[in-house]
Amino acid sequence: MKLSNFNFELPKELLAEYPAENRDESKLMVIHRETGKIEHKLFKDMIDYFDEGDVMVLNNTKVFPARMFGNKEKTGARIEVFLLRELNEEQRLWDVLVDPARKIRIGNKLYFGEDESLVAEVIDNTTSRGRTLRFLYDGSYTDFRRKLRELGETPLPKYIKRDVTPEDEERYQTIYAKHEGAVAAPTAGLHFSKHLLKRLEIKGIDFAEVTLHIGLGTFNPVEVEDLSKHKMDSEELIIDERATEIVNNAKAQKRKVCAVGTTVMRGLESAVSSDHQLNTFEGWTNKFIFPPYEFSIADAMITNFHLPKSTLLMMISAFMGHDLMKKAYKQAILEQYKFYSYGDAMLII
C-alpha cells in the first residue's frame, strides 16, 4: 500500500466547524464488513448493533487547554504557544510549539495574561517550531497548573478557523474524560451522551477504559509514499488489569469487543500477547497500523470520517478492507456526512 492509495477529493464544506446539536444525534454510517452492506442511521441507533455482554472500550483521556497566547519581551509580538507535554514538574519545563517560530530564540522571554502574571523563558530549540520553555512562577505546582488552565484555551484543530467558544470547552471533551494529558480529543467518543451510555448499560453492555494521551502527532501528515517508512509520534498509554479482564472475558465468551476510536484500537494493538490476549501496559506507543494488518482484539469499531492521506484513514482501510473503505467514503461525500473532529461517525462491524 502506498500513500497515493489514500488520496481523495474532500469538499471543504464537509469539514465540520461545529458539533451536532446533540452529541448522540450526529449521523452514523454502519458498515457490515462481511457483506459490504452500508446503512445510514443516527448515532444513538448504534445500540441496536450490540447485545448483552458485548464490550465497548473507551479512551478516558482528558484534553487540557493547551493553546496559549503570549507576548514577546521588548517587541510585544503576539506568539501562540501550544503545550505538548510536561518534561519536568519541579523545574516547570514544557515541550511546546511556537508560532511564528522564526521570532523565538533561546533566551527570549514570553509574558502571558493581561497582568503578565506568568512568564516563560525559551531554553532550547527542539524542531523548527518546537521549543523547550521554563515557566517562571512563584506559587505552588497546583497553583501553576491552575494558572495554565486559566490562560489556556481549548486546542481545536487548526482547520477550524473560527474563534473558540465556551461551548467548545465542553463539546471537545468526551463525557467520560478522566485523566488530563491529551492535546486532541478522542473524537469517536464525542458522540456518546449520558443518556446513551445509560441505555447501553441497561442493555448489559460492559465498558472497559484505557488511557491514551493523544499528542499532536495524530495530525502529522504522512510525507513518504512507502508507508513502512513513516514514523508515528510516541504517545503515553495505560491499560490496567480491570480493562484486560473485561476485554479478555468478553473474547473468551465470543462477545463483540468494540474499539471506540482509532486511539483505542492503537492502544489495544500495542498490548497484545502472542496468544491474542490483551496485556496490561504502562508506557509509550508509536504503533502505526496500515494495510495489510491482522487485528487481534477488537472486532467492531466506532470512528469519525478522516482526512485524505491520514494515518487514521489507513487504519480504517486495514480494518474494513480498502475497497469497502473507498466505497463508504464515496457514499459519505454524496450523502454530505461531516468529516473530522466535530464530524459524523461510522460503525464498522
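**Reading the terms off the model**

Guide: Let us begin with phenylalanine 339, which, apart from its neighbours within four places in sequence, is in contact with Phe8, Leu10, Leu14, Leu15, Ala16, Tyr159, Phe305, His306, Tyr329, Ala332 and Ile333. Please keep in mind that this is a predicted model.

Visitor: Which residues touch the most other members of the largest nonpolar core?
Guide: Phe339 is one of them, along with Met29, Ile31, Val57, Met320 and Met346, in a core of 67 residues. Helix 6 (residues 311-320) supplies the largest share of this core, 7 residues. There is also a second, separate core of 24 residues, with Val96, Ala101, Ile104 and Leu148 among them. In soluble globular proteins, nonpolar side chains tend to be buried together.

Visitor: Why is the pair of phenylalanine 305 and phenylalanine 339 called tilted?
Guide: Rings pair when their centres lie within 6.5 Å, and a pair is stacked under 30 degrees, edge-to-face over 60 and tilted otherwise. The ring centres of phenylalanine 305 and phenylalanine 339 are 5.4 Å apart and the planes stand at 50 degrees, so this pair is tilted. It links distant parts of the chain: phenylalanine 305 belongs to the loop between strand 16 and helix 6, and phenylalanine 339 to the loop between helix 7 (322-334) and strand 17 (345-348), 34 residues apart. Both phenylalanine 305 and phenylalanine 339 are buried.

Visitor: Is tyrosine 141 buried or partly exposed, and is phenylalanine 144 buried or exposed?
Guide: Buried means under 20% relative accessible area, and exposed means over 50%. Tyrosine 141 has 23%, so it is partly exposed. Phenylalanine 144 has 0%, so it is buried.

Visitor: How do you know that the charged end of lysine 27 sits over the ring of tyrosine 337?
Guide: The limit on distance is 6 Å from the ring centre, and the charge must also be within 35 degrees of the ring normal. The charged end of lysine 27 is 4.6 Å from the centre of the tyrosine 337 ring, and it does sit over that ring. Arginine 162 has its charged end over the ring of tyrosine 18, 4.0 Å from the centre.

Visitor: What makes strand 2 and strand 15 edge strands?
Guide: Their sheet is open, with 9 strands in the order 2-1-17-16-14-3-12-13-15 and mixed pairing. Strand 2 (38-42) and strand 15 (281-285) each pair on one side only. Strand 13 (residues 235-239) pairs with strand 15 in the antiparallel sense over 5 bridges, with leucine 237 opposite glycine 283. Helix 7 lies across strands 1, 2, 16 and 17 and runs at about 155 degrees to strand 1.

Visitor: How do you know that strand 14 pairs with strand 3 and with strand 16?
Guide: Two strands pair if there are at least two bridges between them. Strand 3 (residues 55-59) and strand 14 have 3 bridges, in the parallel sense. Strand 14 and strand 16 (residues 300-304) also pair in the parallel sense, over 3 bridges. Cysteine 258 stands opposite methionine 56 and opposite alanine 300. In strand 14, Val257 and Ala259 point one way, Cys258 and Val260 the other, and all are buried.

Visitor: Which strands close into a barrel?
Guide: There are 6 of them, in the order 5-6-7-10-9-8, with antiparallel pairing. Strand 6 (residues 78-88) and strand 7 (residues 93-99) pair over 7 bridges, and leucine 83 stands opposite valine 96. Helix 1 lies across strands 5, 6, 7, 8, 9 and 10, running at about 90 degrees to strand 9.

Note on methods:
Residues numbered from 1 in each chain as written. Predicted model: local features only at pLDDT ≥ 70, side-chain atom pairs only at ≥ 80, totals over all residues. Heavy atoms only, no water. Buried < 20%, exposed > 50% of the residue type's maximum accessible area, 1.4 Å probe, protein only. Helix = DSSP H or I, 4+ residues; strand = E, 2+ residues; numbered from the N terminus. Core = buried A, V, L, I, M, F, W, Y, C linked by side-chain atoms within 4.5 Å. Contact = heavy atoms within 4.5 Å. Phe/Tyr/Trp six-rings, centres within 6.5 Å; stacked < 30°, edge-to-face > 60°. Axes fitted to C-alpha atoms, helices over the stretch in contact; angles between N-to-C directions.
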